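Here are my notes for a reader new to this structure. Please go through them with the model open.

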Amino acid sequence: MNLKLYLIAGMFLAALSSGLSAQIGTGQSMAFTDGRGNPKAGSVDPGMVNVPVLQTNVIVLSIAQADITAIAVDNVGTAGAADYTALKLWDDVNGNALVDPGEALLGTATGAFPASFTLPKAVTITSAGATLLVTVDVSATAGVGETFGIRLDPAAHVTVSPAMQVGYGPITGGDQAVNPIATTLSIVTQPAGAVSGSPFTTQPVVEIQDQGGRAMTGYNAPVDAAIFTGPAGATLLGTVSVNPVNGQAVFTDLRIDLAAAGYELRFVTGSLSQTSAAFDVLHGAATQISISVQPGGAQEDDPLAPQPVLELYDAAGNLCATDSSTVVQAALAGGSAGALLTGTANVAALNGVVTFTDLSVDTAGLAYRLDFSGAGLAGASSSQFDITAGPVQVNPGSDDDDDDGGCAVQAGGTHLWLAAFSMMMLTALAVRLRRKQS
Ligand SMILES: [Ca+2]
């Protein structure tokens, strides 16, 4: 075996020394041409990887196959070798000049140019040809304006086995200039914790990003926020236009007045925009009382008809629809001096509605009203109502139906209570007497 190789090598050297080198590979050649998608000049961002810079079609003529054993490229951009973090050679199976899943990495290269790819194994090219793609990984510190460009000189930088003529070329890809462009508005913090009229507890943060997904730290055009989805009449309050710092617009005091579910915000800067995730705006604490049913007049000691019904609202005017805890107290005002309000005067809200059920006034009079109050609530007064006297029994011994001298008989009221109290006292007395006797 070895002897055979030495013989071949010897013949090769002999051929060279005898000036017959042109005969090597005679009739056998390998063609390198521009690929269909040889990348055109474009923009890249520091830190981008697998940026296509050169595509070439390779075809073997006159024999079935050959192996590329080494391939090297030249830098024709302005970027220094150190800015090429890596050069990679790919088998671009689908010929689209992009690295796609499943396409094989044939070799990598770094260092000074011409850069030689380390080919883990010889790349076999058949007579059907192949499409090779060279990509660069751009250093994160590559400067703006630097260009990355690669040239392949088949004659000078491609080594094939068996040795044969290679052409054509050189083949040069398009320069990829480092030129970060604002391509994406990304919401890095979604708005959350919204209560009507109060700044969101989690304020949104949006970032302007370049084609590599990195913050455009020099971008300073304002980012505007607006309601994208929400009920009619809702208003986004606070500082709705923010100038980015280091590529990020940090909102600080956004708030929405109307409580509703499923709001979305829209952020816009220049031609870029992004819509937030949906969020709800809850109502705030109850601060206002609205009387939805005014109390009506009645006969003394009879239930007011109708009974008052109240609704509780927050400072922004939202019905406090989930408030089932705030207690409202009703107090009697106006009318006859000394009149008493009876019934359940302290009532807790149920889903923001306070419904009184058994209020009554014990004394006839004109122009009564009810004053409503509660913790954190601005007070409210009802409209006026009158209380009429109950039926009066004709009793010559009395000229005053409010007299409690026992001459007048009234339905209900203090007289009945006094009668009941007297009965209780009498009973107690009787029990004590009976105990003493026994
Ligand atoms: Ca591809």
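1. Start with burial. A residue is buried if 20 or more other C-beta atoms lie within 10 Å of its own, exposed if 12 or fewer, and partly exposed in between; C-beta atoms are placed from the backbone. A156 is exposed, because 12 other C-beta atoms lie within 10 Å. A156 belongs to helix 2, residues 154-157. Helices are DSSP runs of H or I with at least four residues, strands are runs of E with at least two, and both are numbered from the N terminus.

2. Basis of the model. The model is predicted: local features need pLDDT of at least 70, side-chain atom pairs count only at pLDDT 80 or more, and totals for chains, interfaces and linings use all residues. Residues are numbered from 1 along each chain as its sequence is written.

3. Confidence. pLDDT is the predictor's confidence in each residue, from 0 to 100. The protein chain averages 85, and 83% of the residues score at least 70. Residues 1-25 fall below 50, and this stretch has nine contacts beyond near neighbours in sequence. Residues 397-413 are also below 50, with 24 such contacts. A contact means that the C-beta atoms of two residues, placed from the backbone, lie within 7 Å. Where pLDDT is low, the predicted coordinates should not be read in detail.

4. The whole chain. The protein chain has three helices and 37 strands. Of its 438 residues, 30% count as buried. Take the contacts between residues at least 6 apart in sequence: 66% of them join residues at least 24 apart.

5. Which order do its six strands follow? The order is 6-5-9-3-1-13, and the pairing is mixed. Two strands pair if DSSP finds at least two bridges between them. Strand 6 (105-109) and strand 13 (165-167) are the edges, each pairing on one side only. On average, neighbouring strands of this sheet are turned by 20° against each other, direction ignored.

6. Strand 3 (residues 51-61) pairs with strand 9 (residues 130-138) in the antiparallel sense, over seven bridges. Opposite N57 stands T131 in strand 9.

7. Strand 19 and its partners. Strand 19 (residues 223-229) is antiparallel to strand 21 (residues 241-242), with two bridges. D224 has S241 in strand 21 as its bridge partner. Strand 19 also pairs with strand 24 (residues 260-269), in the antiparallel sense over five bridges. Here the bridge partner of T229 is E264 in strand 24.

Terms used: Axes are lines fitted to C-alpha atoms, for helices over the stretch in contact, and angles run from 0 to 180 degrees between N-to-C directions.
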